[in-house]
Amino acid sequence: ASSTGTDATGEAAATIASYPDPDDRADSAGNAAATATRTVAVSDTTPPVLVLLGAIPRKFTVGDVFTDPGATASDTADGDLTASITVDASALNLGAGGSYVVVYSVTDSSGNPATAMRMVDVAVPNQPPVAVDDVYEVNEIGDIGVPAPGVLANDSDPEDDPITATL
């Protein structure tokens, strides 16, 4: 016979099974011993397996919408726990560049937890250089000569990328 319940310590056990002792026991005078029963408590201590789907880290640009490829969860005792996964993306900010963590969690019916973390990188889009007009004077038949550092001396790039000019 078997049933579900608690073990001898009061802890939840996945299965408690009772088996009659198959040995006939008797003392030296032939008096039969009372039938013995063995009780076996099996407790589930194995956490679920939580697997993140998609690329890790996920890469986005400021202003993008987060698309979560999701995760799956399975447990030896409870089977498919995917529908029970909770996702905490409260630290994610797609409005600012940086690296963020999205946390996935699931717990089986025996209280065994599993957690996985997805890194999310948010890049700031590259901004164009800032060009400032240059003024040079030249007579009609002369060549223009631009002294160093040249026409880019008063221009800049917000990310400090190198800038070039084609004249």
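Predicted model: local features only at pLDDT ≥ 70, side-chain atom pairs only at ≥ 80, totals over all residues.

Select Val-146 first: this residue is partly exposed, with a relative accessible area of 33%. Here buried means under 20% relative accessible area, exposed means over 50%, and partly exposed is in between, with a 1.4 Å probe and protein chains only. Val-146 sits in the segment after β10 (113-123). Strands are DSSP runs of E with at least two residues, helices are runs of H or I with at least four, and both are numbered from the N terminus.

Residues are numbered from 1 along each chain as its sequence is written, and side-chain values use heavy atoms, with hydrogens and water left out.

Now colour by secondary structure: the protein has 0 helices and 10 strands. Buried residues make up 20% of its 167 residues.

Next, show the salt bridges, of which the structure holds 2. A salt bridge is a side-chain nitrogen of Lys or Arg within 4 Å of a carboxyl oxygen of Asp or Glu. Select Lys-59 and Asp-121, whose side chains meet in a salt bridge at 3.5 Å, N to O. The pair links distant parts of the chain, with Lys-59 in strand β5 and Asp-121 in strand β10, 62 residues apart. Lys-59 is exposed, at a relative accessible area of 63%.

Then select Asp-68 and Arg-118, which form a salt bridge with their closest N and O atoms 4.0 Å apart. Asp-68 lies in the loop between β5 and β6 (71-75) and Arg-118 in strand β10, so this pair ties together parts 50 residues apart in sequence. Asp-68 is partly exposed at 32% relative accessibility, whereas Arg-118 is buried at 0%.

Move to Asp-44, in the loop between β3 (37-42) and β4 (49-52). Which side chain does the side chain of Asp-44 contact? It makes a polar contact with the side chain of Ser-110 at 3.5 Å. A polar contact is a pair of N or O atoms within 3.5 Å; within protein, one must be able to donate a hydrogen and the other to accept it, and residues adjacent in sequence count only if both atoms are side-chain atoms.

Select Ser-43 in the loop between β3 and β4. Ser-43 and Ser-110 are 67 residues apart in sequence and 8.1 Å apart in space, C-alpha to C-alpha.

Two backbone stops remain. Most residues other than glycine have a negative phi, and most peptide bonds are trans. The peptide bond from Ile-56 to Pro-57 is cis, with omega near 5°. Asp-160, in the segment after β10, has a positive phi near 60°. Asp-160 is exposed, with a relative accessible area of 69%.
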